[in-house]
Amino acid sequence: MSSHAVSPQTVQKQNIVRIRSGLRTPYPGRYGVVSSIDPEDRHGPYLVQFEGGLRFRYSIAEIELIPAHATTMRDTDLF
């Protein structure tokens, strides 16, 4: 996975993200779509939806933004 820092200003609704590995991070390595952003949510501002409708909240340190040109990957064709 990339070690590039993600800026909160660059993440927007409908962006495709990959979940970074972590001890308590659900779905590490999977791709999802940012369905909402709520900076006041104590569980994490980024609500990421996965294939099948499952959703989890993540902090900025737990997600990796996928560039638009990478959307040809099979795992990113979620919806």
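Q: What share of the 79 residues of the protein chain counts as buried?
A: In this predicted model, 32% of the 79 residues count as buried. A residue is put in that class if its relative accessible area is under 20%. The protein chain exposes about 5300 Å², and carbon and sulfur atoms supply 49% of that area.

Q: What is the pattern of the protein chain along the sequence?
A: The pattern is β-β-β-β-β. The protein chain has five strands and zero helices.

Q: How do you know that β2 and β3 pair?
A: Two strands pair if there are at least two bridges between them. Strand β2 (residues 31–37) and strand β3 (residues 46–49) are joined by four bridges, so they meet the rule. The two strands run antiparallel. S36, which lies in β2, stands opposite L47 in β3.

Q: What makes β3 and β4 a pair?
A: The rule asks for at least two bridges, and four bridges join β3 to strand β4 (residues 55–58), so these strands pair as well. They run antiparallel, and the bridge partner of Y46 is Y58 in β4. β3 and β4 form a hairpin with five residues between them. In its turn, G52 has a positive phi of about 95°.

Q: Why is S36 called partly exposed?
A: The class lies between buried, under 20%, and exposed, over 50%. S36 has a relative accessibility of 23%, so it counts as partly exposed.

Q: Which residues does S36 touch, not counting residues up to four places away in sequence?
A: S36 touches K13, P45, Y46, L47 and R57. The C-alpha atoms of S36 and Q14 are separated by 8.1 Å, and the two residues are 22 residues apart along the chain.

Q: Why is Q14 called exposed?
A: Exposed means over 50% relative accessible area. Q14 has 56%, so it is exposed. Q14 lies in the segment before β1.

Q: What is noted about the phi of Q14?
A: Most residues other than glycine have a negative phi. Phi of Q14 is near 75°, a positive value in a residue other than glycine. Y27, in the loop between β1 and β2, also is not a glycine and has a positive phi of about 65°.

Q: How many aromatic pairs are there by the ring rule?
A: The count comes to four aromatic pairs. One of them is formed by Y27 and F50, with 4.7 Å centre to centre and 55° between the planes.

Q: Why is the pair of Y27 and F50 called tilted?
A: Centres must lie within 6.5 Å, and planes under 30 degrees apart count as stacked, over 60 as edge-to-face and the rest as tilted. At 4.7 Å and 55°, Y27 and F50 therefore form a tilted pair. The pair links distant parts of the chain, 23 residues apart: Y27 in the loop between β1 (16–19) and β2, and F50 in the loop between β3 and β4.

Q: Are the residues of this pair buried or partly exposed?
A: Y27 has a relative accessible area of 26% and is partly exposed. F50 has 2% and is buried.

Q: What makes the pair of F50 and Y58 edge-to-face?
A: F50 and Y58 have 6.4 Å centre to centre and 80° between the planes. The distance is within 6.5 Å and the angle is over 60 degrees, so the pair is edge-to-face. Y58 has 0% relative accessibility and counts as buried. Y27, F50, F56 and Y58 form one aromatic cluster.

Q: How do you know that the charged end of R30 sits over the ring of Y27?
A: The distance limit is 6 Å from the ring centre. The charged end of R30 sits over the ring of Y27, 4.3 Å from its centre.

Q: Which residues make up the largest nonpolar core?
A: V6, V11, V17, I19, V34, Y46, V48, F50, Y58 and I63 make up this core, ten residues in all. β1 and β3 each supply at least two residues of it.

Key: Residues numbered from 1 in each chain as written. Predicted model: local features only at pLDDT ≥ 70, side-chain atom pairs only at ≥ 80, totals over all residues. Heavy atoms only, no water. Phe/Tyr/Trp six-rings, centres within 6.5 Å; stacked < 30°, edge-to-face > 60°. Buried < 20%, exposed > 50% of the residue type's maximum accessible area, 1.4 Å probe, protein only. Lys NZ or Arg CZ within 6 Å of the ring centre and 35° of its normal. Core = buried A, V, L, I, M, F, W, Y, C linked by side-chain atoms within 4.5 Å. Areas by Shrake-Rupley, 256 points an atom, 1.4 Å probe, with all protein chains shown as cover. Contact = heavy atoms within 4.5 Å.
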